[in-house]
Structures are given as structure tokens and as C-alpha cells.
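Please look over the sequence and the structure shown below before reading on.

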Amino acid sequence: PWFYRERCDHRARYRQDSMSAAAETGATFDVAVIGLGPVGCLGAILFAEAGLTVVAVEKEPEVYALPRAVNLDGEIIRALQPAGLADAIHRLMQPLRDGERAGFANSKRQWLFGGNSRSIGSNGWPPANMFDQPELEQHLRAQVLSHPNVTTYIGYQVNEFTSAQDQISFSAEGTDGDLMLAARYLVACDGANSPTRKALNIGLRDLGYDRDWLVIDVEMLKPHDLPNEVLQICDPDRIHTYVATKDPYRRWEFQLNPGESAELMLEHNTIHRLLETWTPRDSYKIRRAAVYQFHAAVADEWRHDRVFIAGDAAHQTPPFLGQGMNTGMRDVINLAWKLPLVLNDECAGNLLDTYQAERKDHAHDLVSWAVDMGHLMEHIAAAEAAERRGEKPPPAQQKSKKSGYGQGRELPPIRSGVVLSEQVSDDGATGYLLPQPLIRDTGGKQCRFDELLGPHFALLTMGPAVVNKASAAVLNALRVKAIDVSTLELVQGKFPELLTAGEALLLRPDKIVFGHTDDKTSIDMLCSKLASAIAVK
């Protein structure tokens with residue numbers, strides 16, 4: 001299959017000197033990453049940290065200078081701990097501000113319901129973190145460019161690729177000439193209009209939300225009294241969103257009403273009129289104003305032979321939950337522990353089939369929740385409009401009742417793939433990320449729990465673990481770290497109730513609980529089922 005051909009005018013080209021010779025001599029990389037936005041950068045970093053050789057190709061010579069995503073989940077910062085980057089990334093985040101919360105409001109901006117922000121969440125980091133994307137993306141790209149296991153080609157456009165029995169070959173075109181590269185696997189993080197997805201004729205399933213919105217990002221120039229909140233304002237006259245992003249920036253999103261055009265909404269007078277009820281015209285300068293169609297879709301296929309799609313190439317979501325970029329980052333986190341097991345010949349290649357099984361359903365859940373939030377905003381606005389007219393409000397859609405901030409929904413679990421699916425429930429441990437408490441070990445050292453877990457599988461018990469020879473062989477082959485948590489002191493946070501009640505938990509390298517013991521499942525059964533699930537050789 002062919003990508004579209006487009007002559008790049010870019011003048012920048014960067015390569016790692018330590019790895020460039022490998023490309024020039026025709027060596028095959030372990031993984032190719034196409035696209036170095038935040039998702040592609042994270043993928044390249046995690047693959048390289050796992051010891052894989054990575055080649056990354058990005059068509060844009062510079063990081064995009066305007067804001068897009070604004071929220072980073074604590075679990076993503078947690079995923080960067082093994083690479084030693086979590087603290088640096090956390091320093092780029094907006095510290096918690098007085099009154100910080102997220103929720104729904106009526107047309108008068110009166111609070112209806114929602115949730116308060118927290119300084120520390122279950123992952124050991126703040127659960128929601130505001131950032132400026134150009135700053136974050138520049139930092140991540142710098143890590144990619146400097147990593148000894150990564151070769152980067154910036155200012156190059158991938159043109160075509162062919163898949164063979166044991167590798168994938170592709171060409172890339174830049175102003176310095178053409179490249180021919182090869183890798184065992186390719187991960188395409190090339191955006192919502194992904195040429196890779198289109199070349200493979202992978203369809204998108206539309207989840208039923210297409211609305212045009214005006215997005216305005218500003219830099220505040222003067223002291224102001226704008227709230228430190230994320231507000232979904234359910235105004236019958238115009239549904240809109242206000243986001244207190246990283247200081248000194250703020251964002252507004254305004255849904256277009258019937259009959260309004262993008263050209264009208266982008267006029268300066270329109271923009272200033274929309275903002276003047278929030279803040280004086282001379283208090284800010286506009287960084288970006290654009291009209292987008294908020295869209296909800298999930299790709300039909302996430303793996304095609306040796307090619308994987310990730311990020312916006314695989315899923316698109318309305319921004320109401322702040323989960324677009326985070327969901328894409330979970331995609332590459334998922335691949336980052338599976339690819340090394342297959343490339344190092346520890347597990348069979350069909351382990352990689354679980355990527356789609358796990359990520360597609362998880363992303364579908366989150367995109368659907370965001371759609372529910374959009375419908376909920378419309379319902380609340382319609383109810384207020386009916387109240388103005390003295391009419392009975394319309395009935396609420398059943399699926400929208402638990403949507404949104406403070407409505408009892410956490411991130412969904414992994415329900416299939418490398419997980420004991422029969423144990424997965426909405427309030428259990430299996431399929432969910434293990435909480436990361438702050439602990440003190442027997443030597444008196446205080447640390448985040450993942451520092452003890454390490455980068456591989458882990459077996460957590462309340463007391464010494466006793467296993468048979470077959471289980472011991474599995475634990476040894478997978479470098480499973482056994483930890484008796486009864487020897488640890490909890491300083492902050494908590495462990496799952498199942499663990500404190502005496503059951504054992506078996507963790508994946510991404511810290512998701514594979515399964516736990518119960519009256520039907522012993523530790524030996526857990527080990528046997530894990531070996532089968534990941535196709536241990």
C-alpha cells in the first residue's frame with residue numbers, strides 16, 4: 001500500500017550520531033515510530049528505555065507552536081517514572097490552585113455538580129495536570145532526540161511501506177534526499193488524518209457526535225478574577241466550556257449554533273463579544289482561534305500485520321473529559337511492555353494481538369463517556385430552556401446520568417486480553433491499575449511503590465509466597481518480582497482491599513492487575529493462566 005506523496009519543504013534534519021550508522025548500513029530497527037507528537041514521543045522513549053532500537057520519523061521540523069491538549073493524567077506521569085522523567089514532567093505541570101475543580105454550570109455559571117481537584121491521586125501523582133502543549137512536547141521531543149537507542153529523522157515524510165515475513169520496509173522523503181528504512185514493527189502515531197490508517201484501508205466507527213465548536217486560547221496579560229475551574233456551561237443560548245489551563249493561559253470553547261459559519265465565528269468582533277462577559281478586552285491576547293468539528297470515532301482495526309496505529313490515528317474524541325492525548329499515550333504504554341517480550345523471543349508473536357483487544361474497548365469506553373458528557377450538557381441546557389418557557393423539562397437519557405465530573409465514573413478497566421476477564425468488575429482490582437502508595441521499606445527507605453516493583457511482572461502477597469516448580473519456572477522466566485507487602489509501611493495512599501485481606505495479586509509490567517487469588521484461584525493457577533495469556537515460550 002502507498003502513502004500519499006507530498007514534497008516536504010522542511011529544512012531541518014536531525015539524527016542521533018550514535019545510531020545513524022545503523023540506518024546507513026541497512027540495519028533493521030526493532031521499532032519504527034511514525035509521528036513525534038506527544039504520543040509518538042512517549043512511545044519512542046518507552047520503547048528505547050525497554051532496550052529496543054528505535055527509528056522515529058516526523059515530517060514537521062518544529063514542534064507545533066500553538067496549544068491543543070491541556071490535561072495530563074497522573075497515570076501518564078507514573079509511566080515515566082522508570083525512565084527517570086516523571087519529576088521533570090511534573091515540574092512542567094500547573095501546581096494546584098485555590099478553588100480548583102471541574103464540573104457543570106447553568107447559564108448564570110452557577111455550579112450544578114462536579115468534582116474537586118486533588119493534589120495526589122491513586123497513581124501517586126495529581127490525577128489531573130494542566131500543561132502547555134508546546135512546552136511539554138518540546139521537552140518530550142528533546143528526550144527522544146538525545147536517547148542513545150533512538151535514531152530520528154525530522155523533516156521527513158513517509159511515502160510507502162511494504163511488509164515482509166520478518167520486517168517492514170518503508171521510504172521517507174526529505175529535502176536532503178530519500179531514505180530506505182526497515183524495522184521489525186511499525187507504530188503509526190500520525191494523527192487523526194493518519195496516512196498509515198488510510199493506506200491500510202482501516203475504517204473508523206462513528207460514535208455519533210459531530211458538532212462544530214470555536215476554540216479560543218488566550219494569554220492573560222493583567223491580573224484577573226477568572227475562576228480556577230473547568231466549567232461545562234449548559235447555556236440554552238450557547239453551550240460552552242471554560243478551562244483554567246496552565247497560567248497565564250485560559251481556554252474557551254463555544255458550540256456553534258444552527259446557521260453560524262466558521263468565518264463568522266472567527267471574526268475578531270465575534271471572539272471579543274463572546275469573551276467580554278468573562279474578562280475585559282484589554283486583559284488578554286489571543287494565542288489561537290479555530291473552528292473544529294468535535295468528532296467521536298474508533299478505528300475498526302488497530303493492528304495490520306506488523307503495523308500498529310495509536311493515538312488519534314486510532315481514536316478521536318470530543319474534549320470534554322480531557323482524554324484524547326491521554327488515551328493515545330495509554331496505547332503506546334500498552335505496546336511498550338509487549339513488544340520487548342516478543343522481540344526478545346520470550347513470548348510468541350500472538351501476544352501482540354492483545355493490543356487491539358485491550359486498547360480498542362478501553363478507548364471506546366472513554367470516547368463514549370465523552371459523548372455522553374456532550375449529550376448531558378445538551379440535556380441540561382434543554383431543561384433550562386424548558387424552565388424558562390414554563391414547560392416540563394425533557395426526560396434525561398439513561399446513559400447520561402452517570403456521565404461527567406463527580407458522577408462516580410473512574411477510568412474503565414481492561415476487560416479482555418492479558419487479564420483474567422472473569423474477575424473483572426466495575427468495582428474490583430483485576431483489570432485496573434494498581435494504586436501507587438508512598439511506602440517505607442524494611443531498611444527505612446521511603447519511595448513510591450513502583451520503585452520497588454521494577455519494570456517487569458510482579459507478584460504481591462501478604463506474607464511469603466509459596467509456589468510449585470512450574471510456577472517458579474514461569475516467575476523466573478518472566479523475571480517476576482515477588483513482594484511481601486506485609487513488610488512495608490504505608491506512608492500515604494493504600495493497597496487494594498483484596499491484598500490487605502490476604503489475597504495475592506499478579507501485576508503486568510504496566511501495573512495493571514492481571515488477576516488475584518480467591519477461593520477458586522491459587523497462586524499457581526494465576527501463574528499458569530498468565531503464561532498461557534502471554535504465550536510464554
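## Confidence in the model

Over which residues does pLDDT stay under 50? pLDDT, the predictor's confidence in each residue on a scale from 0 to 100, stays under 50 over residues 1-25, for which the model has 75 contacts beyond four places in sequence, a contact being heavy atoms within 4.5 Å. Where pLDDT is low, the predicted coordinates should not be read in detail. For the protein, the mean pLDDT is 91, and 93% of its residues reach 70 or more.

This is a predicted model, in which local features need pLDDT of at least 70 and side-chain atom pairs count only at pLDDT 80 or more, while totals for chains, interfaces and linings use all residues. Residues are numbered from 1 along each chain as its sequence is written, and side-chain values use heavy atoms, with hydrogens and water left out.

## Nonpolar cores

A nonpolar core is here a set of buried Ala, Val, Leu, Ile, Met, Phe, Trp, Tyr and Cys residues joined through side-chain atoms within 4.5 Å; buried means under 20% relative accessible area, exposed over 50%, and partly exposed in between, with a 1.4 Å probe and protein chains only. The largest such core has 114 residues, and those with the most contacts inside it are F47, V57, L72, I89, F170, V187 and L339. Helix α9 (residues 324-343) gives the largest share of this core, 11 residues; helices (H or I, at least four residues) and strands (E, at least two) are DSSP runs, numbered from the N terminus.

Leaving aside neighbours within four places in sequence, L339 is in contact with V31, F47, L52, Y185, V187, F308 and L352. Apart from this core lies another, of 19 residues, among them L231, Y242, F254 and L256.

## Helix α5

The 14 residues of helix α5 (residues 133-146) should span 20 Å at 1.5 Å a residue, and its end C-alpha atoms are 20 Å apart, which agrees; the expected span is 1.5 Å times one less than the number of residues. Its buried residues are Q133, P134, L136, E137, L140, R141 and V144. They lie on the same side of α5 because they cover an arc of only 160 degrees around the axis, the arc being that of the directions from the helix axis to the C-beta atoms. These buried residues pack against α2 (38-49), β2 (54-58), α4 (86-91), β7 (150-154), β15 (284-299) and α9.

## Helix α12

In helix α12 (residues 469-477), the buried residues are S471, V474 and L475. They cover an arc of only 95 degrees around the axis, so they sit on the same side of α12, whereas K469, A470 and N476 are exposed on the other side. The cover over the buried residues includes β21 (458-461) and α14 (523-533).

At the start of α12, a side-chain oxygen of N468 reaches to within 3.2 Å of the backbone nitrogen of A470. After the helix comes R479, whose phi is positive, near 55 degrees.

## Two loop residues

R508 sits in the loop between β24 (505-507) and β25 (513-516) and is buried, with a relative accessible area of 0%. A polar atom of the R508 side chain lies 3.0 Å from the backbone oxygen of V418. Beyond four places in sequence, the contacts of R508 are N334, W337, E358, I414, V418, H456, F457 and F514.

M462, in the loop between β21 and α12, is partly exposed, with a relative accessible area of 36%. Not counting residues up to four places away in sequence, M462 touches D484, V485, S486, L499, T500 and G502.

Technical notes: Polar contact = N/O pair within 3.5 Å; in protein donor to acceptor, adjacent residues only side chain to side chain.
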